[in-house]
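Subject: Structure handover

Hello,

Please find the structure below, for you to take over. My notes on it follow.

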Amino acid sequence: MKSSKKRKILIAGAGLIGSTMALALASEGFDITVVDGTTAKHRINRNKGRTYALSRTSKNLLTNLGLWDAKRLNACPIENILLSTKRSDTKRHLMEFKRESSDLGPSSYMIEDFYLRRVLEAELIKNSKIQLINALEVIKDETSCFESKVMLSDKSLFNTEILIISDGRESRLAKRLDKGFFKKNYNQVAIVGNLSHKNEHKFVAHQVFLSGGPLAILPLQGKRSTFVWSLPNEMGAKLSKYKDHLFLKHLNKSIGDILDNPALEGEKKIFPLYLRFLRDSVDNRKVFIGDSAQAIHPLAGQGLNLGLRDVASLFEVLLNGKKLGLDLGSDELLKKYESWRSFDRISLATYTDLINILFSNNNVYLGALREFGMNSIDKSELLKSFFVKEAAGEYGNLPELLR
Ligand SMILES: Cc1cc2nc3c(=O)[nH]c(=O)nc-3n(C[C@H](O)[C@H](O)[C@H](O)COP(=O)(O)OP(=O)(O)OC[C@H]3O[C@@H](n4cnc5c(N)ncnc54)[C@H](O)[C@@H]3O)c2cc1C
């Protein structure tokens with residue numbers, strides 16, 4: 001067995017969440033080791049073509065860490081959001097959120113994974129406080145009252161005060177630790193991909209609620225858009241295998257005249273959809289953040305934002321702990337983090353779940369109820385500004401990094 005190295009903080013997983021966590025902590029002088037089972041090139045290629053709606057508070061976090069550069073990130077603001085339903089051939093307007101409802105700039109920005117990940121990977125390599133270990137997994141940990149002994153897949157060992165786990169929605173470390181979780185299968189998949197088209201999108205995001213699930217068309221830089229189409233398993237599996245022209249024919253039928261002559265840019269990707277939620281996100285010198293703690297339905301585009309809020313809160317808790325000279329893996333600090341995050345985690349998981357139930361359902365009564373509810377909200381500026389604030393991530397007791 002190899003001799004063990006001492007490190008205050010070790011992060012398992014260098015996805016968007018683990019990388020941002022490392023950069024945030026390093027900015028305050030913490031020495032960090034980040035371990036990922038894949039190479040940087042693999043992470044970039046595997047996620048090419050994916051996009052995210054980043055909320056205003058997530059943008060603040062990147063700005064505060066010196067990582068926000070709209071040009072380098074190829075960020076595209078969302079100025080307007082239009083919600084509609086389409087059943088058979090009838091499309092009905094439900095609600096519109098206009099930019100004017102907020103004087104703080106757009107509530108969110110579309111970001112392509114490729115640009116964001118490239119910025120984060122470059123910063124990880126450049127940062128002298130960060131040791132990045134690629135192509136090795138965290139496979140085991142043994143925890144005593146004083147430290148956690150972490151083993152990597154080459155059998156090397158690290159002694160650390162705290163192990164931060166950001167190993168994604170299938171979190172194998174959570175399984176290994178036998179963490180209790182709630183899982184609900186949506187029996188849906190999301191097909192995602194990017195499109196070029198002839199018309200200007202005018203920075204409008206569309207969410208069309210179809211009978212099988214929601215379809216979002218979101219603006220990217222240039223005459224380009226991205227789509228996230230949630231569908232029942234069987235239909236999704238069938239559609240995802242269609243040749244491009246046939247797939248586009250179905251897509252066009254569902255979105256009507258939103259895009260003029262769209263063409264697929266690169267490959268489309270397919271994701272099974274489920275809600276997976278750890279009952280508690282801390283465990284004896286370990287803390288789960290991002291998708292490893294909670295994976296939610298993508299219909300509100302909030303999964304990454306939720307994970308970035310984990311990052312900002314954990315950063316603040318650990319920084320305060322450091323200032324007070326506390327053990328970073330102590331129960332006291334971990335419990336503080338857990339109670340800070342629990343309301344946001346539970347409410348967003350519940351809210352996305354309910355919206356999906358309400359809209360991916362052909363029941364006539366539910367249909368009438370949702371249209372009545374949405375139309376009522378559409379008429380109230382107060383309620384609308386509440387929802388814009390929610391989408392921007394501006395609620396609850398916000399950590400400094402998000403302000
Ligand atoms: C269809 C779809 C659309 C979405 N759209 C949006 C959106 O618009 N806005 C938004 O906010 N969110 C969105 N999300 C959610 C977002 O994609 C996730 O929340 C985010 O990517 C999670 O990042 P992560 O770093 O937690 O996990 P991951 O990206 O899964 O990273 C986990 C990393 O851990 C590594 N790893 C795994 N096991 C180990 C191990 N044992 N040791 C070391 N490393 C390990 C992996 O190699 C990987 O690099 C969407 C999700 C889906 C499915």
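Helices (H or I, at least four residues) and strands (E, at least two) are DSSP runs, numbered from the N terminus. The expected span of a helix is 1.5 Å times one less than its number of residues. This is a predicted model, in which local features need pLDDT of at least 70 and side-chain atom pairs count only at pLDDT 80 or more, while totals for chains, interfaces and linings use all residues. Residue numbers start from 1 along each chain as its sequence is written.

Helix α4 (residues 113–126) has 14 residues and reaches 20 Å from its first C-alpha to its last, close to the 20 Å expected at 1.5 Å a residue. Its buried residues are L116, R117, L120 and L124; a residue is buried if 20 or more other C-beta atoms lie within 10 Å of its own, exposed if 12 or fewer, and partly exposed in between, with C-beta atoms placed from the backbone. Seen down the axis of α4, the buried residues fall within an arc of 90 degrees (taken from the directions from the helix axis to the C-beta atoms), so they line one face of the helix. I125 and K126, on the other side of α4, are exposed.

Strand β7 (residues 108–112) has five of its five residues buried, so it is largely enclosed by the rest of the structure. S108, M110 and E112 on one side of β7, and Y109 and I111 on the other, are all buried, which leaves both faces covered. Two strands pair if DSSP finds at least two bridges between them. β3 and β7 run antiparallel and are joined by five bridges, with A53 opposite M110 in β7. Strand β4 (residues 76–78) also pairs with β7 in the antiparallel sense, over three bridges, and here I78 stands opposite S108.

Now the ligand. It is surrounded by 34 residues, the closest being G13, G15, G168, G290 and G303; a residue is near a molecule if its C-beta atom, placed from the backbone, lies within 6 Å of it. The elements that give two or more residues to this shell are α1 (16–26), β3 (51–55), α5 (172–176), β12 (181–196) and α8 (303–323). The largest share, four residues, comes from α8.

Helix α8 has 21 residues and reaches 31 Å from its first C-alpha to its last, close to the 30 Å expected at 1.5 Å a residue. It is mostly covered, with 17 of its 21 residues buried. Just after α8, G325 takes a positive phi of about 70 degrees.

Regards
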